[in-house]
Amino acid sequence: MFKFPKLLGNRSPNRKMNKSNATSIRLLQWNILADGLGEDGFLATEFSPIFESADTNSKGYAANDFMKLVREAKLADTASGMTTKFSKLKGEEKKLKKMKASAEGYEELKESVAKLKEETEKSELVKLKKQFQNSPQLEKVDSEILHWSKRYDRLKRIALEADPDVITFQEIDHVKQFLEDRDFSAKYTCMVDSSKTYKPPNYTENKGNDDLSPDKYFQHILNSRAAFAPKSYSNAYLFRSKRDGKASDIDDDGCAIFWKKEILKPVELGFLRVPSDTEKSEAVLALTLQHLKTDMTFNVITTHLPSGDEPKKELERLAVLNNPSANWTARRIHFQGKDWKEVPYEDNPKFVGIASYVKHFVDRKQTDSSRTIFALDANSRPSFPRIKSDSSSDETNVWHTILSQTTLESIWVQNACIKENGESSDPKNPFVVSVNKMRGPSSNQPPKIGEHQLELIDHVFTNGQLSQLVTSVDLKKKESVPTAPLLYESKEGEAELHLYPSSKMPSDHLPVVVDISL
């Protein structure tokens with residue numbers, strides 16, 4: 001099923017590395033797909049044939065034939081301009097929601113939205129959605145694959161069996177569950193102060209009193225003493241609130257760093273707040289850990305860049321990497337004596353984006369010999385077409401910006417998965433991927449049905465001496481779970497039949513497991 005490039009000779013399932021006296025750290029980097037975002041019609045073909053309904057006379061489709069239906073509907077909507085209408089409808093609905101009924105232009109906008117809704121009903125993707133809306137097989141995907149109770153158990157098992165020293169999670173909206181899980185918490189924590197208990201934020205009808213309101217966000221995440229950077233007022237929180245009511249563990253999704261308690265201890269926790277002109281806040285998370293045996297310190301930084309495949313979305317990502325005109329603020333707490341205290345960053349640096357924040361930690365190597373690991377869901381592939389941004393005189397993309405402005409190296413290049421220009425090192429398998437996903441007819445977002453995302457968007461950059469990828473995670477019962485990257489010849493055929501999430505892979509992203517020699 002899976003094809004690994006011949007050039008990945010140093011991919012290894014064990015911890016043995018050819019290194020000098022350097023400290024080796026195993027990292028698990030993983031976007032685990034938030035519970036609040038998980039049940040949106042992700043497509044899987046393992047329950048086939050796929051029938052239109054439970055009716056005995058219902059027509060069934062083999063996996064290949066079903067994927068052909070989805071592909072052809074997507075192509076038809078793209079050719080007819082229907083996908084553009086969906087985008088316009090989404091934008092105008094947002095505007096209408098913010099307008100008062102008495103505002104000038106409200107009625108005209110309301111009519112435009114109604115007309116667009118009527119037109120998009122003719123979409124081939126909408127027709128496909130209606131055709132399979134009662135499919136038992138697609139309903140089974142929701143209950144047997146996408147439901148959080150199924151995914152959490154699998155996520156935890158894979159994480160524990162991978163046996164990482166450090167874990168960087170994106171889209172985690174169950175920090176409390178991980179911390180209270182007996183098996184997981186026996187080895188890992190994300191609490192820098194063990195005397196503290198993590199509590200999800202409190203939201204009220206008066207947003208000014210909310211724990212994560214714009215003026216309280218920074219202080220709340222510092223006071224929590226957790227290596228967790230939530231996205232306030234997130235969609236994950238909103239969707240879970242609608243689904244689960246007032247459950248006590250409803251949380252925002254965000255980025256978190258966990259570490260193995262028996263060998264590492266935290267010495268510094270910091271956040272870089274991303275500028276925003278809305279009520280929503282989010283931050284880049286940075287943690288400095290000390291190895292208990294060697295006393296060596298190293299820095300781990302993680303974040304989650306905006307999603308979207310359009311050029312304007314790449315510009316958004318570039319704007320958070322480097323934007324000197326925006327107001328960037330960073331704060332940190334440091335362990336001093338017997339307590340954690342807030343202290344300013346050394347030399348009072350002026351941060352102008354995520355790249356400069358990461359570079360600050362990279363430069364520490366000159367004074368304390370610490371190494372740096374930057375792990376993220378970049379939502380951008382290395383080969384994304386370069387584009388001119390407001391802060392760059394040359395055309396660039398996320399991949400090139402991170403490499404050039406942080407001076408770190410990519411583990412994908414170190415392990416000969418891809419070349420530095422982003423191209424696959426194996427010409428026969430041009431698709432080197434960490435995600436292979438598609439939404440199907442049961443999705444509530446018709447424009448995203450049939451949108452096949454097969455690309456490398458999960459990244460780890462480091463100035464460690466070398467790295468070795470781990471090929472797979474072996475579970476009990478002789479079951480092996482693949483890790484990133486996987487290789488495919490094309491988007492059609494094999495890739496379409498092995499979409500994620502699945503009963504074996506609990507996220508739409510593959511885990512990245514790598515041993516880094518610091």
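Guide: Pro-49 is found in the loop between α1 (35–38) and β2 (50–51); helices (H or I, at least four residues) and strands (E, at least two) are DSSP runs, numbered from the N terminus. A cis peptide bond joins Ser-48 to Pro-49, with omega about 5°. This is a predicted model, in which local features need pLDDT of at least 70 and side-chain atom pairs count only at pLDDT 80 or more, while totals for chains, interfaces and linings use all residues. Residues are numbered from 1 along each chain as its sequence is written, and side-chain values use heavy atoms, with hydrogens and water left out.

Most peptide bonds are trans, and most residues other than glycine have a negative phi. A further cis bond runs from Ala-484 to Pro-485, with omega near 0°. Pro-485 lies in the loop between β23 (479–482) and β24 (486–488). As for phi, Asp-295 has a positive value near 70°, and this residue is in the loop between β9 (283–291) and β10 (297–304). Ala-416 also has a positive phi, of about 60°; its place is the loop between α16 (411–414) and β17 (431–433). Ala-416 counts as partly exposed because its relative accessibility is 25%, where buried means under 20% relative accessible area, exposed over 50% and partly exposed in between (1.4 Å probe, protein chains only).

Now the aromatic rings. Rings of Phe, Tyr and Trp (its six-membered ring) pair if their centres lie within 6.5 Å; planes under 30 degrees apart count as stacked, over 60 as edge-to-face and the rest as tilted. By this rule there are 21 aromatic pairs. In one of them, Phe-178 and Phe-184 are edge-to-face, at 5.1 Å centre to centre and 70° between the planes. Phe-178 and Phe-184 are both buried. The ring centres of Tyr-345 and Tyr-357 are 6.0 Å apart and the planes stand at 80°, so this pair is edge-to-face. Tyr-345 lies in the loop between β12 (339–342) and α13 (354–362) and Tyr-357 in α13, so the pair ties together parts 12 residues apart in sequence. Both tyrosines, Tyr-345 and Tyr-357, are buried. Tyr-345 also has Arg-332 over its face, at 5.0 Å from the ring centre; a charge sits over a ring if NZ of Lys or CZ of Arg is within 6 Å of the ring centre and within 35 degrees of the ring normal. Arg-331 lies over the face of Phe-218, at 5.3 Å from the ring centre. One aromatic cluster is formed by Trp-148, Tyr-152, Phe-169, Phe-178, Phe-184, Tyr-188 and Phe-258.

Then the helices. Helix α13 is mostly covered, with seven of its nine residues buried; Tyr-357, His-360 and Phe-361 are among them. Helices α2 (residues 63–80) and α5 (residues 124–131) pack at about 150°, with axes 8 Å apart. Axes are lines fitted to C-alpha atoms, for helices over the stretch in contact, and angles run from 0 to 180 degrees between N-to-C directions. The two helices, α2 and α5, are therefore roughly antiparallel, a term for angles over 145 degrees, with under 35 roughly parallel, 65 to 115 roughly perpendicular and the rest oblique. Residues of α2 including Leu-69, Val-70 and Ala-73 meet Glu-124, Leu-125 and Leu-128 in α5.

Technical notes. Contact means heavy atoms within 4.5 Å.
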